[in-house]
Amino acid sequence: MISCELNRVGVDDLIIVSGGTGPHIGAVVIADYTDSEVKIISYGFPNHKEEDLFIELAKVWCHTFQQKTVLLGGIHIDNATKAQIEDLVNQTWDKFFQFMLDQKNCKG
């Protein structure tokens, strides 16, 4: 199961994405909306594979809400197959888009 949590830090957003059998912090992404574009700084911890996915999630959030965003977390399943990883990525996108829709509805 994938979990998305939002914490507001002033007007900025801190998002935690986690799930699987071993939630953890595998990557941290900072996204800034400046001059109508999203600028990214990211770090993926060694032996973790979330960074690329989290970069894309942070870009979408930051562009949609046009504000500073920090997205961090990790998703893990022991000995995951390629199919399980693909399913987790799809689940994460589905959960994240629903989470964004819920936030848009709260704001507007």
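**Terms and their grounds**

Colleague: Why does Cys62 count as buried?

Modeller: The relative accessibility of Cys62 is 0%. Buried means under 20% relative accessible area, exposed means over 50%, and partly exposed lies in between, with a 1.4 Å probe and protein chains only. Cys62 is therefore buried. Please note that this is a predicted model, in which local features need pLDDT of at least 70 and side-chain atom pairs count only at pLDDT 80 or more, while totals for chains, interfaces and linings use all residues. Residues are numbered from 1 along each chain as its sequence is written, and side-chain values use heavy atoms, with hydrogens and water left out.

Colleague: How do you know that Cys62 is in no disulfide?

Modeller: A disulfide is a pair of cysteine sulfur atoms within 2.5 Å. The structure holds zero disulfides. For Cys62, the nearest cysteine sulfur belongs to Cys4 and is 16 Å away.

Colleague: Why is Ser18 called buried, and why is Pro23 called exposed?

Modeller: Ser18 has a relative accessible area of 15%, and is therefore buried. Pro23 has 52%, and is therefore exposed. As to their places, Ser18 is in strand 2, and Pro23 is in the loop between strand 2 and strand 3. Helices (H or I, at least four residues) and strands (E, at least two) are DSSP runs, numbered from the N terminus.

Colleague: What does Pro23 touch, apart from residues up to four places away in sequence?

Modeller: Pro23 touches Ser18 and Gly74, where contact means heavy atoms within 4.5 Å. Under the same exclusion of sequence neighbours, Ser18 touches Met1, Ile2, Ser3, Pro23, Gly74 and Ile75. The C-alpha atoms of Ser18 and Leu72 are 8.4 Å apart, although 54 residues separate them along the chain.

Colleague: What makes strand 1 and strand 4 edge strands?

Modeller: Two strands pair if DSSP finds at least two bridges between them. The open sheet has five strands in the order 1-2-5-3-4, with mixed pairing. Strand 1 and strand 4 (37–44) each pair on one side only, and are thus its edge strands. On average, neighbouring strands are turned by 15° against each other, direction ignored. Axes are lines fitted to C-alpha atoms, for helices over the stretch in contact, and angles run from 0 to 180 degrees between N-to-C directions.

Colleague: How do you know that strand 1 and strand 2 are paired?

Modeller: Eight bridges join these antiparallel strands, including that of Leu6 with Ile15. Helix 1 packs on this sheet, touching strand 1, strand 2, strand 3, strand 4 and strand 5, and its direction makes about 30° with that of strand 3. Strand 1 and strand 2 form a hairpin with two residues between them, and Gly10 in the turn has a positive phi of about 65°. Strand 3 and strand 4 also have eight antiparallel bridges, whereas strand 2 and strand 5 pair in the parallel sense over eight bridges.

Colleague: What makes a group of residues a nonpolar core?

Modeller: A nonpolar core is a set of buried Ala, Val, Leu, Ile, Met, Phe, Trp, Tyr and Cys residues joined through side-chain atoms within 4.5 Å. The largest such core has 22 residues, and those with the most contacts inside it are Ile15, Val17, Phe54, Leu57, Trp61, Leu71 and Phe96. Two or more residues each come from strand 1 (2–9), strand 2 (12–20), strand 3 (27–34), helix 1 (51–65), strand 5 (69–76) and helix 2 (82–107). Helix 1 gives the largest share, eight residues. Leaving aside neighbours within four places in sequence, Leu57 is in contact with Val17, Leu71, Thr92, Trp93 and Phe96. In soluble globular proteins, nonpolar side chains tend to be buried together.
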